[in-house]
Amino acid sequence: MGSLQLMEKETVTDKGTVMEKEILKVRETVMEAFPAFSKKLDTLDQLLERNKLFAEGTLLDAKMAAVESGVEARKALEEGQWPVAVVVCCSDSRVPPEVIFQVGLGKLFVVRTAGNRADADAILGSVQYAVCHLKTPLVMVLGHSSCGAMKAAIGAAKGEFPEEGALKRYLESAAPLAKSVVERSGEDVSALVRENISNVVGGLRADPSMADKARVVGCVYDLKTGLVEVTDAVAKRGHES
């Protein structure tokens, strides 16, 4: 079932006819703002268009949300999933991909970690599963402005670590990249966010198990404007979906 695709089966009851007409009416009023995902159109472009509407304050209303994530959408996904994109993003509560891209159930395969890093088997394995087994054609590495994990990494580059635990090990692994950015650009969180995105994108593109199976792009979300910007040069030049 597409993002806004409706049931095409014949209605057998008067009640069903009324419900289907109501859905069609809702679809007609919002289709221009929220076009259905199409295999003929670039997936990244479609996600960015929905994000633009989100940033402008044009949000899915309750009726449209029902079409995107209601009973029929759940039924269509009972036997499997066919996400249009993998999103490797930060765990920050202000950056929920399904919200900022305004998509319903089954559209995004989301892998979230602090700082949207992809250097653990569980994380990389999740991306590989989506690309190699679910045949998801697009992988987006999504960082964001004012990232707390990147701020902590800059602190780690200066020798500031928690006393112990997994967080310390995480920051120890993030410190070398942060140190190289600090040496070039000072304590610029934005610069580190973008460098980190580029680093993760490069690692995913180099993964032999996903070679030629998916397009990998880098993007950054601005907490202030609500907009997602493509940061990766290859993605900016365009690529088939």
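**View 1. Helix 7 meets helix 8.** In helix 7, residues A149, A152, A153, I154, A156 and A157 touch Y170, L171, A174, A175, A178, K179 and V182 of helix 8; contact here means heavy atoms within 4.5 Å. By class, this contact has 12 nonpolar, no polar and 1 charged residues. Nonpolar covers Ala, Val, Leu, Ile, Met, Phe, Trp, Tyr, Cys and Pro, charged covers Asp, Glu, Lys and Arg, and the others, Gly among them, are polar. The model is predicted, with local features needing pLDDT of at least 70, side-chain atom pairs counting only at pLDDT 80 or more, and totals for chains, interfaces and linings using all residues. Residues are numbered from 1 along each chain as its sequence is written, and side-chain values use heavy atoms, leaving out hydrogens and water.

**View 2. How helix 7 and helix 8 cross.** The axes of helix 7 (residues 148-157) and helix 8 come within 7 Å and cross at roughly 80°. Helix 7 is therefore roughly perpendicular to helix 8, a label for angles of 65 to 115 degrees.

**View 3. Helix 8 meets helix 9.** Here the axes of helix 8 (residues 166-185) and helix 9 (residues 189-205) come within 10 Å, crossing at roughly 135°. On the helix 8 side, the contact is made by L177, A178, V181, R184 and S185, and on the helix 9 side by A191, L192, E195, N196 and N199. These residues divide into 5 nonpolar, 3 polar and 2 charged.

**View 4. The chain around these helices.** Stepping back, the chain has 10 helices and 5 strands; helices are DSSP runs of H or I with at least four residues, and strands are E runs of at least two, numbered from the N terminus.

Terms used. Axes are lines fitted to C-alpha atoms, for helices over the stretch in contact, and angles run from 0 to 180 degrees between N-to-C directions. Angles under 35 degrees count as roughly parallel, over 145 as roughly antiparallel, 65 to 115 as roughly perpendicular and the rest as oblique.
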